[in-house]
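Me: I would like to learn how to read a protein model step by step, beginning with the overall layout and ending with single residues. Could you take me through this one?

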Amino acid sequence: VQRDLAQMQAMVEQVLVYLRDGVERRDMVRVDVAALVQTLCNEFSDTGSDVTYDGDGHAVVLGHLGSLQRAFSNLIDNAVRYGARARVHLRQQAENVVIDIADDGPGIGEDMRMQVLEPFVRGDAARGMDEQTGFGLGLPIAKAILSSHGGALDMLAGTPAGLLVRIILPLAH
């Protein structure tokens, strides 16, 4: 019963975040997204996950630290959950910062990539999803948060296999 209640509470909290479109009601501040992503990668590594970070030392965006942390944590968690390892690469490109999160798992078929960005869609069997892995809100929440920051999230086929999630956020001036 306790586990079921905790699971229901987690689902309600995730639904509320999604319904708010990932938008915090505070003013945006300067966030060093490179430092944030590198810290998250280190935290995942410290808990035994095979996660590496490669990229620029600093990339500042305007945003909400907590929301961005939730989005990147969701995406890195998915990469390590469905692949044996995650590789995170960050680079500045013109007026944007581009963050690639690649896993070496089975990937998501092209026909499902747009669908898994919708709430409660939990992917295909190839990604090993079952009722214990989540509610199908991690990707929609991440997408909503990134969109609220003027960014975009795209899912591509990994090379040679897996999934590559590409995030583009505008740099702060």
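**Reading the model**

Reply: In total the chain has 5 helices and 7 strands. This is a predicted model, in which local features need pLDDT of at least 70 and side-chain atom pairs count only at pLDDT 80 or more, while totals for chains, interfaces and linings use all residues. Residues are numbered from 1 along each chain as its sequence is written, and side-chain values use heavy atoms, with hydrogens and water left out.

Me: How do I read the way two helices pack, and at what angle do the axes of H2 and H3 cross?

Reply: One compares axes, which are lines fitted to C-alpha atoms, for helices over the stretch in contact, with angles that run from 0 to 180 degrees between N-to-C directions. Here the axes of helix H2 (residues 33-46) and helix H3 (residues 65-82) come within 10 Å and cross at roughly 45 degrees. That makes H2 oblique to H3, since angles under 35 degrees count as roughly parallel, over 145 as roughly antiparallel, 65 to 115 as roughly perpendicular and the rest as oblique. The crossing of H2 with H3 is right-handed, and the rule is that a crossing is left-handed if the near helix is turned anticlockwise from the far one by less than a right angle, and right-handed if clockwise.

Me: Which residues in H2 and H3 meet?

Reply: Contact means heavy atoms within 4.5 Å. From H2, the residues Val33, Leu36, Val37, Leu40, Cys41 and Phe44 meet Leu65, Leu68, Gln69, Phe72, Ser73, Ile76, Asp77 and Val80 of H3. The residues of this contact divide into 11 nonpolar, 2 polar and 1 charged, where Ala, Val, Leu, Ile, Met, Phe, Trp, Tyr, Cys and Pro count as nonpolar, Asp, Glu, Lys and Arg as charged, and the others, Gly among them, as polar.

Me: What is a nonpolar core, and which residues have the most contacts inside the largest one?

Reply: In soluble globular proteins, nonpolar side chains tend to be buried together. A nonpolar core is a set of buried Ala, Val, Leu, Ile, Met, Phe, Trp, Tyr and Cys residues joined through side-chain atoms within 4.5 Å, and buried means under 20% relative accessible area, exposed over 50%, partly exposed in between (1.4 Å probe, protein chains only). The largest such core here has 37 residues, and Phe72 and Ile101 have the most contacts inside it. Among the elements that give two or more residues to this core are H2, H3, strand S5 (96-103) and helix H5 (138-148). Leaving out residues up to four places away in sequence, Phe72 touches Val33, Leu36, Val37, Leu40, Ile99, Ile101, Leu146, Ile167 and Leu169.

Me: How much of the chain is buried?

Reply: Of the 173 residues in the protein chain, buried residues make up 41%. One buried example is Ala172, with a relative accessible area of 19%, which is found in the segment after S7. Ala172 touches Arg30, Val60, Val61 and Leu62, not counting residues up to four places away in sequence. Ala172 and Val61 are 111 residues apart in sequence, yet 4.5 Å apart in space, C-alpha to C-alpha.

Me: Is Ala94 buried or exposed, and where is it found?

Reply: Ala94 is exposed, with a relative accessible area of 73%, and its place is the loop between S4 and S5. Most residues other than glycine have a negative phi, and most peptide bonds are trans. Phi of Ala94, however, is near 55 degrees, a positive value in a residue other than glycine.

Me: Which residues is Arg91 in contact with?

Reply: Arg91 lies in strand S4 and is partly exposed, with a relative accessible area of 24%. Setting aside neighbours within four places in sequence, Arg91 is in contact with Asp56, Asn96, Val97, Val98, Asp100 and Arg166.

Notes. Helix = DSSP H or I, 4+ residues; strand = E, 2+ residues; numbered from the N terminus.
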